[in-house]
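Subject: Structure handover

Hi,

Here is the structure I promised to pass on. Please open it alongside this note; my findings follow below.

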Amino acid sequence: MAVCDTDTAKGSGRSFRLVCEAGERDLVEAFLGATGHVAEAEPFSPWCRRVTAEPTALGASLAARFGYIHIQDRSSMLPPLLLDPPAGARVLDMCAAPGGKTGFLAQLVGPTGFVLGNEPSPDRLATLRQTLFRESLANTATCSFADLSPQLPAGSFTHILLDPPCSGWGTLDKNPQAAKIWAGDKVAPLVALQRKLLATAAALLAPGGRVLYSTCTTNVAENEDQTRFALDELPLRQIPLAAPAGFVFEAPHRGDVSGVLRVDSAASAAQGFYLALFEKVGGEAHDPDDGVFPGEPVPRAAIAAAGCEPSGLPPGVVRSFGDKAFFLHAGAAWLPAGFRYQGFAVGSFRSRVFRPHGRARLLMGRGGPGLNEEALSRIEALLAGQSLPAGDLPARPGLYWRGLPLGFLTKKGSRALWSDR
């Protein structure tokens with residue numbers, strides 16, 4: 001089964017997304033440029049770029065290592081953009097790994113919004129969580145259910161992204177065996193699964209809520225046929241999609257289907273993608289009781305005592321589970337009691353002492369005590385395992401590049417070093 005959210009293109013010309021606050025975009029591009037990587041803006045979103053100079057692998061750049069960019073196929077950026085959830089929205093990504101679309105949704109809804117990323121495959125769940133953690137997207141939570149319908153109340157979400165397992169015929173440039181593996185009747189189980197997931201999405205939507213259905217296949221049975229199924233069998237009406245700039249689209253492959261988008265792969269220099277947008281008709285919205293967060297509270301004073309700035313986090317609470325501390329977004333408070341999910345890892349809490357994870361940069365604040373580097377050489381030295389003079393810095397000093405927070409260092413004696421934990 002194909003995974004549409006991929007780091008596909010190799011070499012120059014690959015696309016990526018800036019992962020930062022809007023006011024940090026120029027600084028992140030400068031951080032990327034400091035390693036010789038140059039990019040131009042994509043015409044369809046202020047967050048998206050295409051590389052024009054890649055002297056070294058983009059994925060090994062410091063901007064990528066510190067989670068300030070996410071490499072992603074151009075077509076794979078479209079589902080979150082076309083779902084277009086507003087700031088503060090409550091969003092479900094039903095098949096979320098490896099996390100590119102989930103992360104983009106989290107950026108679009110902002111710190112007051114909440115995104116629940118569900119990944120049915122336990123093997124891929126870790127990848128999803130690593131992606132969101134590396135990119136400091138704390139307004140998210142993750143879970144793993146093959147069937148969400150018995151887990152969540154009907155009418156729970158205002159926006160849902162459904163990018164289900166598919167045959168991947170739109171990715172033949174990197175998966176040349178896809179069309180053979182899923183030829184003929186072999187695709188029938190995928191079609192049945194996609195319909196089941198569409199029905200679940202329709203049930204979980206609040207009245208007037210929207211679901212964006214997308215695949216990375218060119219197969220009509222998984223695309224236009226599924227659109228007709230949704231319109232004929234589910235309480236959904238279609239919202240015609242406007243064509244984003246920078247892409248070329250084919251006409252729908254069924255005469256009774258319109259308002260959908262089929263990315264022309266060759267003409268768009270992107271994966272072949274299919275996208276359709278629906279709105280829930282009727283039903284009732286879920287009105288949750290006052291939520292109770294799981295875990296044990298981590299006192300705000302303990303976080304501050306560790307040299308952290310709790311106000312850098314979105315609305316929510318920090319809870320401990322054993323020795324591990326997680327941030328739980330306020331949007332997760334409506335999740336039903338007993339629902340198994342994981343929040344955003346921020347560190348450890350042992351013997352009433354909080355210790356931030358090295359990558360918990362949301363707790364660093366702006367301009368806190370630490371090393372603020374102008375060049376890259378000392379940052380690269382730290383990542384290579386070397387230590388730097390720490391002077392009178394606190395036990396967990398911050399590491400910055402021209403004011404851009406990168407993470408917490410560990411002080412040992414008179415030296416500071418980087419620890420990725």
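**A helix on a sheet**

H1 lies across S1, S3 and S4, and runs at about 135° to S1. Helix H4 (residues 100-109) also packs on the sheet: H4 touches S1, S3 and S4, and its direction makes about 35° with that of S1. Contact here means heavy atoms within 4.5 Å. Axes are lines fitted to C-alpha atoms, for helices over the stretch in contact, and angles run from 0 to 180 degrees between N-to-C directions. Helices (H or I, at least four residues) and strands (E, at least two) are DSSP runs, numbered from the N terminus.

Before you go further: this is a predicted model, where local features need pLDDT of at least 70, side-chain atom pairs count only at pLDDT 80 or more, and totals for chains, interfaces and linings use all residues. Residues are numbered from 1 along each chain as its sequence is written, and side-chain values use heavy atoms, with hydrogens and water left out.

**The sheet itself**

The sheet is open, with four strands in the order S2-S3-S1-S4 and antiparallel pairing. Strand S2 (38-41) and S4 are the edge strands, each pairing on one side only. From one strand to the next, the twist averages 40°. S1 and S3 run antiparallel and are joined by three bridges. Ser 15 has Arg 50 in S3 as its bridge partner. Two strands count as paired if DSSP finds at least two bridges between them.

**What H1 buries**

Helix H1 (residues 25-33) has these buried residues: Arg 25, Val 28, Phe 31 and Leu 32. Seen down the axis of H1, they fall within an arc of 120°, so they line one face of the helix. The arc is that of the directions from the helix axis to the C-beta atoms. Buried means under 20% relative accessible area, exposed over 50%, partly exposed in between (1.4 Å probe, protein chains only). Their cover includes strand S21 (398-401) and strand S22 (404-412).

**Strand S13**

Strand S13 (residues 274-280) has seven of its seven residues buried, so it is largely enclosed by the rest of the structure. Tyr 274, Ala 276, Phe 278 and Lys 280 are buried on one side, and Leu 275, Leu 277 and Glu 279 on the other. In a regular strand the side chains alternate between the two faces of the sheet.

Which strands pair with S13?

- Strand S9 (residues 205-215): antiparallel, six bridges. Arg 210 stands opposite Glu 279.
- Strand S10 (residues 236-239): antiparallel, four bridges. Ile 239 partners Leu 277.
- Strand S12 (residues 261-263): antiparallel, two bridges. Leu 261 partners Leu 275.

Best wishes
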